[in-house]
Amino acid sequence: MVSKKQDISIVITGEAGQGIQTVERLLVTLLHHAGYYVFSTKEYMSRVRGGSNSTEIRVSTLPVAAYVDRIDILVVLDNKAFDHISYRMTDDTIIIGDKTQVKTISHPHVFSFDFLNAAKEIGNKVFANTIAVGLLASLFHISKDLIHDHITSFFKEKSKQIISGNKSAIEKGIAFAQTLSESSSISEKINKKHKKKNDDSSALLLNGTQAIGLGALAGGCNFISSYPMSPSTGVLTFLSSVGDKANVFVEQAEDEIAAVNMALGAWFAGGRALVSTSGGGFALMAEGLSLAAMTETPLVIHLAQRPGPATGLPTRTEQGDLHLALYSGHGEFPRVIFAPGSLQDGFMTTKKAFDIADAFQIPAIILSDQYFVDSKYQTSAFKDLDKKPNHHIVKTSTDYLRYDDNESGVSPRGIPGYGSGFIHVDSDEHDTDGRITECAEVRKQMVEKRLRKIHALRQQSIEPTLFGSSEYNILLIGWGSTLQVIEESRNLIADNRVSFLHFSQVFPLHPKTKSYLENAKTIITIENNATAQFSDLLEKETGVSVDAHILQYTGHPFSVETLVDRIPETIEAAEGN
């Protein structure tokens, strides 16, 4: 367990449609503006309304970006979630809720407040959420003026009556916080642990969805076609929200097959298109993926993983689609797969995906997951914003050959109407001019031309990041969204034999990968799936065996506490062998 708490973990529970996401948005932004480091994430059931959902907000004096099981303050707006999160409480947890919701909870630190009736007195029971915001913000000593200014800004497009009602709700929350502080030690605990240290006014407060969306814009994305599917939809809605200003054409397609083919059409015409989907939708795109490969049309797909197979757990998280991304599509062709682990990664890998897809005329896949896209925290400003995207389109001449066979395998890409040449493209095998053929010799020539790209792709791949000493005996390996939780756990374990290698590009692997593995006496992979998919890929690509795995496939992300327990256990078991 985590022994040195530098933060307060707040969990808010409620039904879908009850407004806990509004509480999260209001409170996290307020804490950010007040100088605290914050991290938030959520778990929710696959329901339009109802179910039992919870949001975690960590408030810290130090940068924080990982999920913890521990709950220091639990706000109960609906008690249905209580049973499935009760294991996360400790004897020190402070429980605050409407008296009708907490009356059956047996715990030494339960505090009730008549949230619903207080909200109804203002005019609507939905004001209960804002009362909770006023309460929590006041416990962290955020000034009343700052809270009111934030409320006015947040609801600026609403009526004066709604703004006034929310301000009244804030006042009720502040008043209850004063009562609570007088009757418990909560205020003292927060005072001792939280000296404001975040003075970086340039820090960005974003979630993974926004980081990927901004990376797409930086990569020159000007077209997105998608069919909504949790948890990938946020990227579609984000680009839709900025589409007019950013000159992005947004199309909600009738299904995933249409979406991927629309994107191919956009790339073929000279645009830069993105498709955002999840496992079930990506499965439907397999033929489009192969079409991109055969026609050597660039394609960028954001695949936000969720537990499968089939519908599985559609609103929860898992790293179970690596093999799907790696092997989907028929035939043999090169592709690139990125797996961002941080907001910086989300931005940079998405931006890079557009350049790589364009430069090599291949599919580039950004493999995130529900935990990544829904997690929000502060990050430094993104770099290279002024650097314009690289475009790899040539002006054609009358002797232009779309599939000219050269040493790199990358033929100059023309687009219709730009130059005097003709662009011939066919989903069948074709010759260098794009004309259909079944000639065995030409078929062999074209397959080898396409596959030759993999050599240059490997040379341009992203080197994995090593955390800890380069003189290690034990090497932890993770990919994608597990970066922050593994690194926080490694720091808490404080074993100088242990370093951590994180991959934000999982295919093709960087040429130095094998040397990293060979330097370790014990290799342990940590994956949010049941079959150690990345471990299989590592062994296949490098020939180096992995000694042990730490796997989780519950639909929930790893917590810091889980890894602080399981990493030492796994090291001991591996060394015992």
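The model on display is a predicted one.

Next, centre the view on I477. Leaving aside residues up to four places away in sequence, I477 touches F500, L501, F503, L517, I523, I524, T525, I526, F534 and L538. In soluble globular proteins, nonpolar side chains tend to be buried together.

The tour now turns to the backbone. Most residues other than glycine have a negative phi, and most peptide bonds are trans. Select S230 and P231, where the connecting peptide bond is cis, with omega near 0 degrees. P231 belongs to the loop that runs between β8 (223–226) and α10 (233–246). Then move to F507 and P508: the bond joining them is also cis, and its omega is near -10 degrees. P508 is placed in the loop between β18 (505–507) and α20 (513–518).

Two further stops concern phi. Q361, in the loop between α15 (343–360) and β13 (363–369), is not a glycine, yet has a positive phi of about 60 degrees. Q361 counts as buried because its relative accessibility is 2%, under the 20% limit.

Finally, select A494, in the loop between α19 (483–493) and β17 (498–503). A494 is likewise not a glycine and has a positive phi, of about 55 degrees. With a relative accessible area of 63%, A494 is exposed.

Methods:
Residues are numbered from 1 along each chain as its sequence is written. This is a predicted model: local features need pLDDT of at least 70, side-chain atom pairs count only at pLDDT 80 or more; totals for chains, interfaces and linings use all residues. Side-chain values use heavy atoms; hydrogens and water are left out. Contact means heavy atoms within 4.5 Å. Helices (H or I, at least four residues) and strands (E, at least two) are DSSP runs, numbered from the N terminus. Buried means under 20% relative accessible area, exposed over 50%, partly exposed in between (1.4 Å probe, protein chains only).
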